[in-house]
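Here is a briefing for a reader new to this structure. It takes the topics one at a time, in short points.

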Amino acid sequence: MLTHEDNELLTRVTGNAPMGQMMRRYWVPACLAEEVAEPDGTPVRTTILGERLVVFRDTDGTVAVIDERCPHRLASLALGRNEEGGIRCIYHGWKFNVAGTCVDMPTEPNEHGFRDRIKLKSYPTYEAGGMIWTYLGPEGSAPPFPLYDWMQLPRNQFATVKVGEITNYAQAIEGSIDSSHSWFLHQGILWDWKLRSQTSMDTSPKMEAQDTEYGFRYAAIRVPTNDPETTRYVRVTLFLVPFTAFIPRPMDRTKTAHVQIFVPIDDTRTMFYGIFFSQDGSPVDEAATRRTHHLVPGEDLDRNWFKLGTVENWFNQDREAMKNGDWTGIKGFTNQDMACQETMGPIVDRTQEHLGTSDIAIIRMRRRMLEAVTRFQNGDPLIGLDPSIDWSRVKSEQLIMPITQPWQSLGTPATQPA
Ligand code: FES
Ligand SMILES: [Fe+2]
C-alpha cells in the first residue's frame with residue numbers, strides 16, 4: 001500500500017504536478033507515424049500530460065508537435081488546413097509553420113508588426129519505432145534520443161498497436177509488470193498449454209528485483225517441469241523510468257518480443273503503445289497482429305484509438321463463453337488487462353490494497369518512481385538520462401538457467417565500464 005500523499009505524488013501528472021513535470025524531461029510518443037504519414041495530411045490531436053497538442057507533417061515532410069490552440073482566440077488547429085508549408089487556422093486564417101512561427105495573419109495589417117510578436121508553442125520531434133516522439137521539457141534540455149534495439153529493425157519487422165484506456169498511467173504499468181497475472185487472466189490466449197506444461201506449471205513464482213541505471217529489472221523465478229533439481233525457469237522484465245516495460249522475450253526466437261509504453265494523457269487516461277518485434281529477422285504482419293489482439297482501429301477502437309469495451313458496456317464480457325470454458329469472456333489480452341485496471345477506478349486508492357510476495361515488482365516500481373520524482377524535485381540527475389547508457393544493450397530475458405547461476409548475471413550492463 002501507499003499513503004494517500006505518496007499515491008498523489010505517484011499518480012498526478014498534469015499542471016504543476018512534480019511527476020508530470022519530471023516526465024517532461026524524457027522523450028515521449030506523441031502518436032503513431034502512420035497517423036501523419038502523408039505530407040500535408042490530416043493533423044492529429046493528441047493530449048500528453050494534460051497538454052493539448054497537434055501533430056502534423058508539412059509539405060516538406062517535416063513533422064511538428066504544436067500547441068493545439070490557435071493563439072488568436074484559441075480555436076483548435078486540428079481543424080486547420082495543412083498546406084504550403086504550415087497549418088492555417090480555419091477560423092480567421094492565421095498560419096503557422098513547424099517552428100510555430102506565424103507566417104501569415106490575413107486579418108491584421110502588416111505594418112503593425114503584430115504578426116512578429118505571435119509565437120505558437122512548438123516542441124522538438126523524433127521519428128523512430130513507428131512512432132512520432134516529442135520532448136516537452138524546457139527548450140534546449142532534451143536528452144539524447146533512446147534508440148532501443150527494436151527501433152533499428154526494418155519497419156516490416158515490427159508491428160505497433162495503440163489503445164486508449166480510462167485509467168491512470170501507474171495502474172496501467174502495474175498491470176504490465178505484474179508477472180503473476182498472466183497465467184490466470186490470459187490463460188487460453190497467451191499460453192500454449194502444451195508448451196506451458198513442458199516449461200513450468202509453477203503458479204507462484206519467486207520474485208526478485210534489482211535497480212538499474214534506467215529503472216529496475218525483476219525476475220520471476222519458477223520451478224521448471226524438466227530438471228527441477230538443477231535448473232530454474234527465469235523471466236526477466238525491465239521497467240524503464242518513467243513509463244516503459246520490456247516484457248520477457250520468448251525463448252522461441254520465431255516468436256515476437258514485446259515492449260509496452262504507457263503515456264499519460266492526463267491524470268485518469270493513458271495511451272498505451274505496444275510494439276511486437278521480430279527476434280529472428282522474419283517479417284511481422286502489423287494488420288494481423290492488430291487483429292489477433294482485437295485492437296483494429298475502426299472495429300475494436302474508436303476514432304481516437306480508445307477501445308470500445310468500457311465500464312459502461314462492461315467490456316462486452318461474454319458470460320456464455322465463460323460457461324463454455326473461456327476464462328474471462330473478454331477478447332484479447334490487452335482488453336482483459338485494461339478491464340481489470342479500469343474497474344479499480346481511474347486512480348486506484350492504494351491505501352486499501354493488500355500486496356503479497358508476488359507484487360514485488362509493483363512495489364519496486366512505485367519506490368523507484370517516487371525516488372525518481374524526489375530526485376527531480378531536488379535537482380539531482382534523473383534516472384535513465386545518463387548519456388552513457390547504451391540502449392541497444394538493454395534487453396529483457398526468458399530462459400531456463402542453472403540453479404547455481406544468479407539471474408542478476410544475465411545480460412550486459414547498460415553502461416560501458418569507464
Ligand atoms: S482563432 Fe485561429 S485565426 Fe482566429
Ligand atoms: Fe496482462
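Leu53 has Asp67 in E4 as its bridge partner. The model is predicted: local features need pLDDT of at least 70, side-chain atom pairs count only at pLDDT 80 or more, and totals for chains, interfaces and linings use all residues. Residues are numbered from 1 along each chain as its sequence is written, chains are lettered from A and ligands numbered from 1 in the order in which they are written, and side-chain values use heavy atoms, with hydrogens and water left out.

**Sheet**

- Strand E3 (residues 51-57) and strand E4 (residues 63-67) pair in the antiparallel sense over 5 bridges.
- Two strands pair if DSSP finds at least two bridges between them. Strands (E, at least two residues) and helices (H or I, at least four) are DSSP runs, numbered from the N terminus.
- E3 and E4 belong to an open sheet of 4 strands, ordered E2-E3-E4-E9, with antiparallel pairing.
- Strand E2 (44-48) and strand E9 (122-123) are the edge strands, and each pairs on one side only.

- His186 sits in the loop between helix H5 (182-185) and helix H6 (193-199), and Asp337 in helix H9 (residues 333-343), so the pair ties together parts 151 residues apart in sequence.
- His186 and Asp337 are both buried. Buried means under 20% relative accessible area, exposed over 50%, partly exposed in between (1.4 Å probe, protein chains only).

**Nonpolar cores**

- A nonpolar core is a set of buried Ala, Val, Leu, Ile, Met, Phe, Trp, Tyr and Cys residues joined through side-chain atoms within 4.5 Å.
- The largest has 91 residues, of which Met22 and Met369 touch the most other members.
- Helix H10 (residues 360-378) gives the most to this core, with 7 residues.
- Apart from this core lies another, of 16 residues, including Ala75 and Cys89.
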